[in-house]
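Please look over the notes below alongside the sequence and the coordinates. They are meant for someone opening this entry for the first time.

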Amino acid sequence: MPETIEAKLAAAGAQPPPLKISRTFHARRATVFKAWTTSEGVKAFFSPTTYEVGEACVEPRVGGAFEYSMGPIGGPYLWSRGKFVEVATDERLVFELRVNDSTGAALFHARTEIDFADTLGGTRLDILQTYVFANPAMAAPMVAGASEGWRTTLDKLETLVVAMQGGAGVESRSVVTATFHLERTYPASAARVWRALTDLQAKAKWFGGDPGQWELLERSMDVRPGGRERAYGRWESGTVSKFDAVYFDVIENERLVYAYEMHLDDKKISVSLATFQLKVSGGKTTLSITEQGAFLDGYDDAGSREQGTNLLMDRLGASLAD
């Protein structure tokens, strides 16, 4: 089989180090995946600040096109042409691109691997991009700025997926309600689980974003009827999530009932009633959570709150082992 140009250049030592990026987005996986796999989505976000995509052709199947023209706002644009080599719905995308100069000659070849995973806050993307230079003199400065370019591109992706899920703007007035019920049994006493739910330091171990992805801005807790709890944090994208709760029923080691609002930046996205019940049997404690939510003004939850609560319950269990 003839050796590819990528293989020849790599063998000659022309390949720079790969770029690795991770980011959490405030939307479910299906929404983030859709942004990557539609021409409209790629056109909306796939360019750094001060640049834009003029046209895009995205065909999410193995061998399908991943092509776009990009340039300064208003043009002129240069085409990058490539194809998908892996497509696993809502889980993984891999595409290969040839980036050209104004004459159509190749500057470099790039392979982009994107893994999608559920995480606290929404969806985590892990991106690995590898390069092979065709024209090192021109390509090297472009690739050197790839990290900053990706940062601002992913900022635009965050704005897009939050808007796609209804977490930005107030274009309509609507309420969609949903209820879920979850249970976990922990090898711990009711007092230990209760402390994880009601002590500020103990709850901080499991109730919050991942280090490096989320910066705590404010946390306070006053667990009594009429007491309040707040947990505000800024995500890597700059989005601020706000949890504001009021306690209505507090029975030590047995039951908690509170109502809470969630905001993304300045938009209220939901109001919920949460009921926590603890039951002891055989030296273990079963924690039951029932949540009734009202999702507001176009915000499309589609099960993401239940998914996030499942992850939090797992983290709560891990914190009990500390």
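The points below concern salt bridges in this predicted model.

1. Overall count. Searching the whole structure gives 27 salt bridges.

2. Arg-28 and Asp-300. These two residues form a salt bridge in which the closest N and O atoms are 3.1 Å apart. Arg-28 sits in the loop between strand S1 (19-25) and helix H2 (29-36), while Asp-300 sits in the loop between strand S14 (284-296) and helix H8 (304-320), so the pair ties together parts that are 272 residues apart in sequence. Arg-28 counts as buried because its relative accessibility is 18%, under the 20% cut-off. Asp-300, at 33% relative accessibility, counts as partly exposed.

3. Asp-155 and Arg-151. A salt bridge joins these side chains, with an N to O distance of 3.4 Å. Both residues belong to helix H5 (residues 146-164) and are four residues apart, which means that about one helical turn separates them. Asp-155 is partly exposed, having a relative accessible area of 22%. Arg-151 is also partly exposed, with 40% relative accessibility.

4. Glu-59 and Arg-61. The side chains of this pair meet in a salt bridge at 3.4 Å, N to O. Glu-59 is partly exposed at 31% relative accessibility, and Arg-61 is partly exposed at 47%.

5. A network. Which residues are linked in a network of salt bridges? They are Glu-86, Arg-92, Glu-96, Arg-111, Glu-113 and Asp-115.

Technical notes:
Residues numbered from 1 in each chain as written. Predicted model: local features only at pLDDT ≥ 70, side-chain atom pairs only at ≥ 80, totals over all residues. Heavy atoms only, no water. Salt bridge = Lys/Arg side-chain N within 4 Å of Asp/Glu carboxyl O. Helix = DSSP H or I, 4+ residues; strand = E, 2+ residues; numbered from the N terminus. Buried < 20%, exposed > 50% of the residue type's maximum accessible area, 1.4 Å probe, protein only.
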